[in-house]
Amino acid sequence: MSVSITYNPGSRAVIRPLLPLSKSVSARVACLDYLAGAEVRTHSQPCEDERVIAAALRSISSGRVELAASGTARRLLTAIIAATPGAVVRVQGTQRLMERPMRPLTEALRELGAPAPQPIDATTEELRGARLNSSGPVIVDASVSSQFVSALLLIGPLIAGGLDLRLRGRRVSSDYVAMTVKLMRRYGASVTETDEGYRVAEGRYATVPHYISEPDWSSASYFLELGCLTGRAVELPLTAGSCQGDSVGPELFSSLQSAQRVDLDMSRVPDLVPAVAATCCALGKPFELRGVGHLRHKESDRLEALRRELAKMGAEMLIGEDSLISSGKSALTLPSEPLKVYDDHRLMMAFAPLSALFPGSRLLIDAAATVVDKSFPSFWREMSNAGIIIKS
């Protein structure tokens with residue numbers, strides 16, 4: 001299935017998107033509700049990932065959990081199931097999901113006394129829970145995914161003796177860990193940051209009567225991208241004091257327009273990489289995005305996908321061990337063949353604004369429009385309000 005995307009702004013001078021609520025916040029709130037023994041809550045219009053996580057948490061007692069393609073759900077629930085004594089749960093997901101890295105998390109859980117996962121087939125594994133005990137510090141590699149750290153922190157109060165978590169390797173997406181800690185404290189957990197990681201005291205979570213939510217700064221990046229490409233102002237319905245690292249988005253995208261060369265460490269804000277890379281290529285800016293090696297393990301290999309698909313438009317990028325680099329020499333042209341997004345919601349959303357480079361022409365993308373539902377179900381409606389029209 002393929003779609004065509006056309007840019008026709010009409011008389012719209014200002015881009016004013018209505019953004020979804022943060023799925024990162026919502027996922028953690030759902031897990032904390034479950035661990036506090038409360039009803040697992042979602043907001044009124046959850047995205048696919050949020051629905052998957054909430055349904056999975058509610059299904060743990062049934063012994064069968066469906067995770068679809070949600071990496072967040074798999075990592076957080078693996079820890080939660082491991083910390084549930086007597087639990088025996090068959091977990092199913094897409095083949096791509098089950099191939100994504102898990103070893104740093106499962107090794108740390110085994111140190112705490114959890115049984116090893118038992119593969120059933122390419123899309124299913126069996127997880128067993130136990131009473132976890134801490135006999136000393138637990139070390140986890142934080143260079144692949146911050147979700148390994150968040151998953152262990154979330155179950156920290158359930159571990160006999162608490163959790164002394166030591167992080168090794170370059171810490172990626174560290175703001176997401178800070179988000180986890182902030183929300184855990186809202187639910188009554190005692191979490192202390194140390195020079196080497198975190199200490200979590202044994203205890204119980206309290207229930208939180210009001211639902212905690214924030215508009216999603218990651219989703220704002222695609223409208224900031226469109227603003228950069230068209231020179232139009234972007235007004236965002238977001239507030240200060242966010243616990244999301246991607247709240248640096250407005251400042252970051254503003255800097256792209258004035259910079260002669262872009263050199264950024266993206267390790268704390270990896271979800272912004274597709275939109276930033278696409279914007280830099282569209283503006284003809286030489287760039288080096290560092291701290292991005294772990295993007296090989298997302299819904300797609302995002303580094304290779306960006307390189308391969310934007311090359312169809314004339315961009316030239318090189319992938320380093322932990323970087324994405326471009327000389328910025330080539331202007332983007334309308335591709336003669338459809339772009340692919342490899343079932344990756346963030347690639348689809350980052351490619352859509354590129355249609356603004358070719359007003360009135362059709363940018364073809366070989367994907368279903370619904371791929372964005374994973375994080376932003378109303379994406380096409382909001383893009384339509386900004387002049388980006390999709391047709392199947």
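Two strands are said to pair if DSSP finds at least two bridges between them. Helices (H or I, at least four residues) and strands (E, at least two) are DSSP runs, numbered from the N terminus.

The structure is a predicted model, in which local features need pLDDT of at least 70 and side-chain atom pairs count only at pLDDT 80 or more, while totals for chains, interfaces and linings use all residues. Residues are numbered from 1 along each chain as its sequence is written, and side-chain values use heavy atoms, with hydrogens and water left out.

**Overall form**

The protein contains 13 helices and 18 strands. Its radius of gyration, taken over C-alpha atoms, is 21 Å, which agrees with the value near 21 Å for a compact globule of 392 residues. The globule rule behind that value is 2.2 Å times the number of residues to the power 0.38. Along the principal axes, the C-alpha atoms fill a box of roughly 60 × 45 × 40 Å.

Buried residues (under 20% relative accessible area, with exposed over 50% and partly exposed in between; 1.4 Å probe, protein chains only) account for 56% of the 392 residues. The accessible surface, from the Shrake-Rupley method with a 1.4 Å probe, comes to about 15700 Å², and 47% of this belongs to carbon and sulfur atoms. Where contact means heavy atoms within 4.5 Å, 76% of the contacts between residues at least 6 apart in sequence join residues at least 24 apart.

**Strand β6 and its partners**

Strand β6 (residues 124-128) has four of its five residues buried, so the strand is largely enclosed by the rest of the structure. Strand β4 pairs with β6 in the antiparallel sense, and β5 also runs antiparallel to β6. The strands β5 and β6 form a hairpin with two residues between them. Glu126 in β6 stands opposite Arg90 and also opposite Gln118.

| Strand | Partner | Bridges |
|---|---|---|
| β4 (residues 88-92) | β6 | five bridges |
| β5 (residues 118-121) | β6 | three bridges |
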